[in-house]
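I opened this entry to record what I looked up in one protein chain. The notes run from the whole chain down to single residues.

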Amino acid sequence: MTEPLDAAGSSASTPPTGLAEELLDVVQSVPGVSAVYPAQPLWQSIAGSALSAVTGEPLPVIGLTDTAGTLAVKARIGVSTPRPAPAVARDVADAIRRHLLPRAAAVEVSVVKVGS
């Protein structure tokens with residue numbers, strides 16, 4: 001699900017250091033989220049996986065890209081709750097957008113696992 005949020009007066013910049021960790025905490029605090037997976041699946045990022053293996057740095061769990069003043073946020077979650085997975089994904093996207101206000105953001109949340 002990708003939903004842009006426009007905010008007045010935003011400008012292009014690099015995402016602040018530590019923002020990914022803040023957003024990880026936000027995502028994990030949403031009821032129904034049982035796991036958070038790397039933003040880019042390993043099979044989609046062979047080069048990133050190789051670099052991760054060499055450097056020992058883990059792949060980012062929350063993906064952040066700043067383009068033309070709009071922050072793109074990508075999160076991949078697991079859901080374990082009686083609530084429908086799409087509702088949990090919407091709650092995650094809403095929580096991320098609220099955390100980022102007043103910054104313009106496009107949030108993509110994918111459910112990659114349902115159940116325990």
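The model I am reading is a predicted one.

**Whole chain**

I then checked burial: 36% of the 116 residues count as buried.

For secondary structure I noted three helices and five strands. In sequence order the pattern reads β-α-β-α-β-β-α-β. I also looked up how far apart in sequence the contacting residues are. Taking contacts between residues at least 6 apart, 75% join residues at least 24 apart.

**Nonpolar core**

Which residues of the largest nonpolar core touch the most other members? I listed Val27, Val33, Val73, Ile77, Val92, Ile96 and Leu100, out of 24 residues in this core. Helix H1 (19–28), strand S2 (33–37), S4, H3 and S5 each supply at least two of the core residues. H3 gives the most, with eight residues.

Setting aside neighbours within four places in sequence, Ile96 is in contact with Leu23, Val26, Val27, Val73 and Val107.

**Ser34**

I moved on to Ser34, which is found in strand S2.

With neighbours within four places left out, Ser34 is in contact with Gly78, Val79 and Ser80. I checked the spacing to one of these: Ser34 and Val79 are 45 residues apart in sequence, yet their C-alpha atoms are 5.2 Å apart in space.

**Backbone exceptions**

I finished with the backbone angles. Most residues other than glycine have a negative phi, and most peptide bonds are trans. I noted two departures.

Ala68 has a phi near 50°, a positive value in a residue other than glycine. Ala68 lies in the loop between strand S3 (63–67) and strand S4 (70–79). Its relative accessibility is 74%, so Ala68 counts as exposed, the cut-off being over 50%.

Where does Pro102 lie? I found Pro102 in the loop between helix H3 (85–100) and strand S5 (105–114). The peptide bond from Leu101 to Pro102 is cis, with omega near 10°.

Terms used:
Residues numbered from 1 in each chain as written. Predicted model: local features only at pLDDT ≥ 70, side-chain atom pairs only at ≥ 80, totals over all residues. Heavy atoms only, no water. Helix = DSSP H or I, 4+ residues; strand = E, 2+ residues; numbered from the N terminus. Buried < 20%, exposed > 50% of the residue type's maximum accessible area, 1.4 Å probe, protein only. Contact = heavy atoms within 4.5 Å. Core = buried A, V, L, I, M, F, W, Y, C linked by side-chain atoms within 4.5 Å.
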